[in-house]
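Me: Got a model open here and I'd like to talk it through. Can you take my questions one at a time?

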Amino acid sequence: MLELVLFYIFATIAVVSAILVVTQQNVVHSAAFLGATLFAVAGIFLTLHAEFLAGVQVIVYVGGILVLFVFVIMLISVERAQHERQYNRQWTIAVVTSAILIGEIGYGLYRGKDTFVLPPAVIPPAVPASGNSELVGTALYTSYLLPFEIASILLLVAIVGAVVLSKRRTAAEE
Amino acid sequence: MVTTFHYLLLGAALFTIGVIGVLTRRNIMIILMSIELMMNAVNINLIAFSDRLQQVTGQVFAIFVITVAAAEAAVGLGIVIAMFKNKETMNINEIDLMKW
């Protein structure tokens with residue numbers, strides 16, 4: 001019962017904040033509501049017994065990515081963008097595409113809904129003795145070592161790319 | 001009782017909101033935020049199935065998704081800064097140099 005209440009609280013916060021992210025005029029308000037969504041999703045992770053990922057979500061998303069967003073918003077001017085038209089003229093295409101997407105997902109979920117409602121207790125827990133962080137770490141450093149290293153290279157490339165893209169051109173290069 | 005179905009519905013709702021944001025907004029910052037929303041929806045699905053099947057693989061892939069999201073945010077915001085330095089705008093309709 002508590003699980004259900006917690007799920008509905010977090011899900012409501014996540015969906016309402018996500019709608020506000022998309023509809024707000026001011027970019028700073030959008031970023032604030034994005035933070036609320038990210039925290040709510042971290043709570044959803046907690047209800048799914050993924051404690052390590054809830055921590056990673058808060059540290060990386062809220063502490064890293066969202067702060068980066070706010071920094072960039074502070075660097076570029078907000079006032080002028082606020083008075084411009086906020087929405088595209090292609091909203092009919094957007095409505096059609098979203099309707100198709102909702103229909104597709106809804107049909108898939110409807111067809112498969114019997115397989116989702118099986119109680120999880122049918123399958124015994126794999127290794128209930130050790131904690132969630134240990135399980136994730138063991139899988140990450142044994143079975144998924146190569147993807148892990150590739151992910152680190154991806155991060156390195158992203159760092160170099162971001163520095164090169166936002167670097168101020170020197171007079172010699174001009 | 002909360003089933004996997006609930007989590008999949010939540011993921012679908014967040015993903016659809018992200019798609020609507022990407023398609024309708026003209027401010028590039030909000031488009032990047034909508035992409036983050038979509039990645040969060042994918043993470044919810046991955047972890048819901050990880051919990052449903054009692055396997056840790058879904059959580060490992062969610063970590064990879066978060067890594068890619070961080071890289072995407074860094075490069076995307078670098079592009080935004082470079083774009084703002086050149087054209088003084090955040091409106092994607094004015095970035096049409098390569099448009100046919």
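Me: Where does Ser34(B) sit?
Reply: Ser34(B) is in helix H2 of chain B. Helices here are DSSP runs of H or I with at least four residues, strands are runs of E with at least two, and both are numbered from the N terminus.

Me: Before we go on, what should I know about the model and the numbering?
Reply: This is a predicted model, where local features need pLDDT of at least 70, side-chain atom pairs count only at pLDDT 80 or more, and totals for chains, interfaces and linings use all residues. Residues are numbered from 1 along each chain as its sequence is written, chains are lettered from A and ligands numbered from 1 in the order in which they are written, and side-chain values use heavy atoms, with hydrogens and water left out.

Me: OK, back to Ser34(B): buried or exposed?
Reply: Ser34(B) counts as buried because its relative accessibility is 0%. Buried means under 20% relative accessible area, exposed means over 50%, and partly exposed is in between, using a 1.4 Å probe and protein chains only.

Me: What is Ser34(B) in contact with?
Reply: Leaving aside neighbours within four places in sequence, Ser34(B) is in contact with Val22(A), Gly18(B), Gly21(B) and Val22(B). Contact means heavy atoms within 4.5 Å.

Me: Switching to the two chains. How many residues does each put into the contact?
Reply: Chain B gives 74 residues and chain A gives 84 residues. Between them they bury about 7000 Å², 75% of it on carbon and sulfur atoms. That area is the accessible area (1.4 Å probe) that two parts lose on being put together, summed over both.

Me: Which residues of chain B lose the most area to chain A?
Reply: Arg25(B), Met33(B) and Arg52(B), which together make up 10% of what that side buries.

Me: What about the largest nonpolar core, which residues touch the most other members?
Reply: Leu53(A), Tyr7(B), Met29(B), Met33(B) and Ile44(B), out of 60 residues. H3(B) supplies the largest share of this core, 13 residues. The core also draws at least three residues from each of domain 1 (1-110) and domain 2 (130-169) of chain A. By nonpolar core I mean a set of buried Ala, Val, Leu, Ile, Met, Phe, Trp, Tyr and Cys residues joined through side-chain atoms within 4.5 Å.

Me: Take Ile44(B). What does it touch?
Reply: Not counting residues up to four places away in sequence, Ile44(B) touches Val41(A), Ile44(A), Phe45(A) and Leu48(A) from chain A, plus Tyr7(B), Leu10(B) and Leu14(B) from chain B.

Me: You mentioned domains. How far apart are their centres in chain A?
Reply: The centres of domain 1 and domain 2 of chain A are separated by 24 Å, taken over C-alpha atoms. The bounds come from an automatic or database domain assignment.

Me: How many helices and strands does chain A have?
Reply: Chain A has seven helices and zero strands. Buried residues make up 32% of its 174 residues.

Me: Which residues of H6(A) are buried?
Reply: Asn132(A), Val136(A), Ala139(A) and Leu140(A). They are on the same side of H6(A) because they cover an arc of only 100° around the axis. The arc is that of the directions from the helix axis to the C-beta atoms.

Me: What covers them?
Reply: The cover for the buried residues of H6(A) includes H3 and helix H7 (145-166) of chain A, together with H3 of chain B.

Me: Let's look at H3 of chain B, then. What does Ala71(B) contact?
Reply: Ala71(B) lies in that helix and is buried, with a relative accessible area of 8%. Beyond its neighbours within four places in sequence, Ala71(B) is in contact with Leu154(A), Leu155(A) and Ala158(A).

Me: Last one: where is His49(A), and what is its phi?
Reply: His49(A) is in the loop between H2 and H3 of chain A. Its phi is near 60°, a positive value in a residue other than glycine. His49(A) counts as partly exposed, at 45% relative accessibility.
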